[in-house]
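Q: Could you give me a close look at one part of this model, with the packing spelled out partner by partner? I would like the cut-offs as you go.

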Amino acid sequence: MDFGRLITAMVTPFDQNNHINWDETARLIEYLIVEQKSDSLVIAGTTGESPTLSEDEKLELFKFAVKQAGGRSKIIAGTGSNDTAHSAELTKKAESCGVDGILLVAPYYNKPNQEGLYQHFKAIAEATSLPIMLYNVPGRTGISLSTATTLRLAQLPNIVATKECASIDQVTAIAAGAPDGFIVYSGDDSSALPALAVGAYGIVSVASHIAGARMKDMIHAYVEGNVKEAAKLHQSLFTLFKGLFECPDPLPNPAAVKFALHERGYQVGGVRLPLVSPSENEAAFIRNMLSSL
């Protein structure tokens, strides 16, 4: 399975009652595929507010996205959690919805050791025939999937990729040791170009909601050997990459990108508690950032 080089971790649009806004979900999917050039969409990942979506909502989102995308973009279902058995069952249900792949975040809070992490992902992989992308994000989960464990998991037939947020050093080490066909994605927009330089294949992005087409140009420029042009594009987008997460103080994802989408005319709503929408100062910062792009 080739998920492509630009994957958008899609927000979940809500209406004013914080229910899923299905009309706007369809509109957002079209925008991300047609205008922002997303090769794949992650549905119900962290950016999609997976912790506050019910299982029924997730399954409806998976079915809806598959139908709306119509094969123009791969649909990757976020089914990871810190409960191995539940993740395995949700993964089976996601497969029956017709999704193309699975994203599994490292299990948070319980803090398993590396053997526990290996057994967790192995058990879920054995519950499905779908290709799986691992997701290592220590800043959110409190644990880190080591290079050695990642490469051990890469030997399993349907674990085909990882979204790596630990460090460029870890991207380098995984890319260097990975078996043929195993792909490394950066999970940090501001590290997308540096990650490509050390062996990553692409990016699982939040900023691609706003600047996906330009990010795609950046990736293609680098792949085609035009490093100077790629660097120029990276530099022009760097304020966006950092601002969506630091705006001006750290603002939990996806509050900032949802507000930015609203400013661009997409009625994706607010965020569910315990997240909150940007303050007046943060909103002004985002507007100013968008005006400078």
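A: Happy to! Contact here means heavy atoms within 4.5 Å. This is a predicted model, so local features need pLDDT of at least 70 and side-chain atom pairs count only at pLDDT 80 or more, while totals for chains, interfaces and linings use all residues. Residues are numbered from 1 along each chain as its sequence is written, and side-chain values use heavy atoms, leaving out hydrogens and water.

Let's centre on helix 9, residues 208-223 (helices are DSSP runs of H or I, at least four residues, numbered from the N terminus). Its axis and that of helix 10, residues 227-246, come within 8 Å and cross at roughly 150° (axes are lines fitted to C-alpha atoms over the stretch in contact, with angles from 0 to 180 degrees between N-to-C directions). Helix 9 and helix 10 are therefore roughly antiparallel (over 145 degrees; under 35 counts as roughly parallel). Their crossing is left-handed (the near helix is turned anticlockwise from the far one by less than a right angle; clockwise is right-handed). On the helix 9 side the contact includes Ile210, Arg214, Met218 and Tyr222, and on the helix 10 side Val227, Leu233, Leu237 and Phe241 are among the residues involved. By class, this contact has 12 nonpolar, two polar and three charged residues (Ala, Val, Leu, Ile, Met, Phe, Trp, Tyr, Cys and Pro are nonpolar, Asp, Glu, Lys and Arg charged, the others, Gly among them, polar).

Helix 9 also packs with helix 1, residues 22-35, at an angle of about 20° and with the axes 9 Å apart. This pair is therefore roughly parallel, and its crossing is right-handed. Tyr31, Leu32 and Glu35 of helix 1 meet Ser208, His209, Ile210 and Ala213 of helix 9. Four of these residues are nonpolar, two polar and one charged.

Now for some surroundings. In the largest nonpolar core, of 84 residues, Ile43, Phe62, Phe121 and Ile159 touch the most other members (a core is a set of buried Ala, Val, Leu, Ile, Met, Phe, Trp, Tyr and Cys residues joined through side-chain atoms within 4.5 Å). Another core, of 15 residues, lies apart from it, with Val105, Met133, Tyr135 and Val204 among its members.

Finally, Thr141 sits in helix 5, residues 138-141. Thr141 is buried, at 6% relative accessible area (buried is under 20%, exposed over 50%, partly exposed in between, with a 1.4 Å probe and protein chains only). Leaving aside neighbours within four places in sequence, Thr141 contacts Val105, Ala106, Tyr108 and Tyr109.

Note on methods: Helices (H or I, at least four residues) and strands (E, at least two) are DSSP runs, numbered from the N terminus. Angles under 35 degrees count as roughly parallel, over 145 as roughly antiparallel, 65 to 115 as roughly perpendicular and the rest as oblique.
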